[in-house]
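Trainee: Please put the model up, and I will ask about it piece by piece.

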Amino acid sequence: MEAVPVAEVLDGHKDMFDLGVFVGDLALDEEVTSDDESLEGLQKELDDCKNDQEVANILANGIKLREYTKGVENNIRQIELDSIQDYIKESENLVSLHDQIRDCDNILSQMETVLTGFQTEIGSISSEIKVLQEKSMDMGLKLKNRKAAESKLSKFVEDIIVPPRMIDIIVDGEVNDEYMKTLETLSKKIKFIDADPMVKSSKALKDVQPEVERLRQKAVSKIFEFVIQKFYALRKPKTNIQILQQSVLLKYKYTIIFLKEHAKEIYAEVRAAYIDTMNKVLSAHFRAYIQALEKLQMDIATSTDLLGVETRSTGFLFSIGKESLKTRSSVFALGERINILKEIDQPALIPHIAEAKSQKYPYEVLFRSLQKLLIDTATSEYLFTDDFFGEESIFHDIFAGPIQVVDEYFNAVLLNCYDAIGIMLMIRIIHQHQLIMFRRRIPCLDSYLDKVNISLWPRFKMVFDLHLNSLRNANIKTLWEDDVHPHYVTRRYAEFTASLVHLNVEHGDGQLDLNLERLRMAIEDLLVKLAKMFSKPKLQTIFLINNYDLTISILKEAGTEGGKTQLHFEEVLKSNIAIYVEELLQEHFSDLIRFVKTRPADETATSSEQVSIAEVEPLVKDFASRYKAAIEQMHKDLITSFSNFLCGMEILRAALAQLLLYYTRLTECVKRINGGSALNKDLVSISSILFEIKKYSRTF
């Protein structure tokens with residue numbers, strides 16, 4: 001058994017031992033009086049001890065330091081002895097622990113030897129791995145280079161070689177989906193041979209190029225025959241061209257691409273063949289459609305159907321049949337013809353169905369149908385040619401014929417068209433079709449639609465001027481009728497103006513507004529001339545009022561767009577009503593009106609003294625005796641004179657209101673006369689007059 005060092009035993013009691021040493025040192029310090037001892041730091045140590053709890057307890061109990069130190073030393077020795085005994089008791093365990101530690105040390109020594117051997121072997125393996133890594137990188141680079149070379153060589157062989165299957169399909173195969181894919185492959189080979197200079201210098205090309213060229217020629221020949229055959233199918237009667245284009249021709253669109261890239265001369269022939277075919281086919285279709293439409297046309301107006309022309313000279317009295325009368329009513333009135341603008345997107349008419357129903361239409365209906373068919377056909381053809389040929393210019397070559405057919409028919413009809421409303425409707429139809437093509441983003445008919453629009457306006461102006469001149473140059477004697485009711489020329493004018501105003505609402509054409517203003521001045525001048533044919537001024541005024549009122553009513557029926565024309569006629573109507581009211585009152589109450597007008601409303605006392613009772617009394621009694629009969633007679637005159645009851649009622653109210661005003665001024669004059677109260681029994685009360693006014697206002 002090995003001896004355990006005392007230092008290790010005492011290590012566990014270090015705190016107790018340090019305390020004893022401290023106390024002993026403190027005691028020794030008290031006895032040291034040698035001059036050699038340094039007192040440096042003593043004060044600091046004393047200050048430190050002052051705060052020590054143990055020292056404070058010792059000093060508090062009055063224990064002497066030397067005795068305390070000895071007690072501590074004795075305790076330490078006793079503890080040391082006890083510790084030694086404890087270690088002696090555990091000596092066997094310590095020996096066992098020592099043996100175990102020594103065994104572990106031996107094992108660790110062996111492990112160190114083994115690990116050292118491993119380290120040496122790992123170093124050797126690392127060197128071998130490094131060598132293998134370098135060899136692997138070298139092999140990878142070689143493999144990459146070989147793959148790149150193989151890829152280029154493989155692509156070269158694939159691009160230049162002509163498989164037997166390709167030859168069989170190109171030479172003997174039918175033109176179908178597989179043929180299209182084979183054509184694409186052949187096209188790639190031709191482009192590959194022509195594009196790469198290195199290929200042209202290769203020996204393989206000498207063997208392959210003749211075969212490729214023969215295949216190209218064979219493919220071009222077969223494609224040409226196939227496409228031309230499909231084009232000729234478009235010429236067959238009753239062929240739905242659009243279905244054939246979409247379901248058949250577009251399916252073989254690549255044949256055209258192949259010809260364009262590898263056989264430009266043949267492509268030019270195919271292009272020309274398609275243009276010629278479609279030009280003739282569409283021209284024939286439109287020509288046949290126009291011939292069918294001509295059977296459906298309803299003639300609305302002739303050169304004699306003008307505003308200021310006498311009814312008898314236009315043959316109105318000799319017209320027979322409801323259809324003829326209906327047609328005549330459409331010469332100046334828009335009526336249901338406006339519906340054509342609401343049906344702008346409807347499909348074109350099918351002539352044989354309409355003919356079977358014996359239906360007839362104004363020319364603007366046929367015009368819309370023809371133009372609708374034209375823009376729809378043009379849209380379809382434009383999109384197809386752009387997709388199939390990839391050229392927009394082909395469309396214009398194709399549609400030169402159809403447009404010429406339509407133009408010839410349109411110009412012939414327009415040359416004999418005297419229907420101003422129909423022409424304006426056609427102008428609006430063209431405008432709507434321009435918007436449709438704009439929304440479709442199809443510009444192919446822009447120039448054509450502009451040309452049609454430009455040709456319509458001069459014709460409209462010419463026909464409009466015919467109407468205007470017919471009013472200016474009208475024969476007053478033949479037009480005049482001894483009747484104060486609205487003249488038929490006025491009705492024509494009002495309906496004609498209302499129609500054009502209605503068609504101009506959303507467009508605001510200033511030139512048309514100016515022309516309508518000229519037309520208004522002409523009709524006013526004509527009405528004044530016709531009114532002067534009446535012998536009595538009252539009849540002249542009634543005639544003008546009836547005609548102005550009719551004009552306003554028709555303009556209002558057309559909508560709220562009467563504008564300046566309606567406002568003007570309302571002003572002249574109001575002016576003439578005021579004139580008529582004075583004339584009517586003068587007819588029944590001339591003495592009363594003359595008296596009142598010679599007496600100012602603000603008459604002074606001096607002037608009133610000049611009026612005597614004898615002068616006023618006959619007026620008062622005359623009015624009281626016959627005012628009811630006079631009002632009743634006025635009522636009868638208004639009923640017979642004015643065709644519009646509403647207008648007559650307004651005139652009666654205005655007349656009675658003016659009469660009440662005159663009579664009120666008379667009663668005020670009577671009140672200012674000395675002794676005028678004697679006439680109070682003969683004065684009619686204002687309430688009585690108001691009662692009569694209300695009575696006739698309700699019954700008119």
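Mentor: Start with cysteine 417, whose relative accessibility is 11%. This is a predicted model, in which local features need pLDDT of at least 70, side-chain atom pairs count only at pLDDT 80 or more, and totals for chains, interfaces and linings use all residues. Residues are numbered from 1 along each chain as its sequence is written, and side-chain values use heavy atoms, with hydrogens and water left out.

Trainee: Does cysteine 417 count as buried or exposed?

Mentor: Buried means under 20% relative accessible area, exposed over 50%, and partly exposed in between (1.4 Å probe, protein chains only). Cysteine 417 has 11%, so the class is buried.

Trainee: How many disulfides does the structure hold?

Mentor: A disulfide is a pair of cysteine sulfur atoms within 2.5 Å. The number in this structure is 0.

Trainee: Where is lysine 238 found?

Mentor: Helices (H or I, at least four residues) and strands (E, at least two) are DSSP runs, numbered from the N terminus. Lysine 238 counts as exposed, because its relative accessibility is 87%. Its place is the loop between helix H10 (203-233) and helix H11 (241-249).

Trainee: What is the phi of lysine 238?

Mentor: Most residues other than glycine have a negative phi. Lysine 238 is not a glycine, yet its phi is positive, near 60°.
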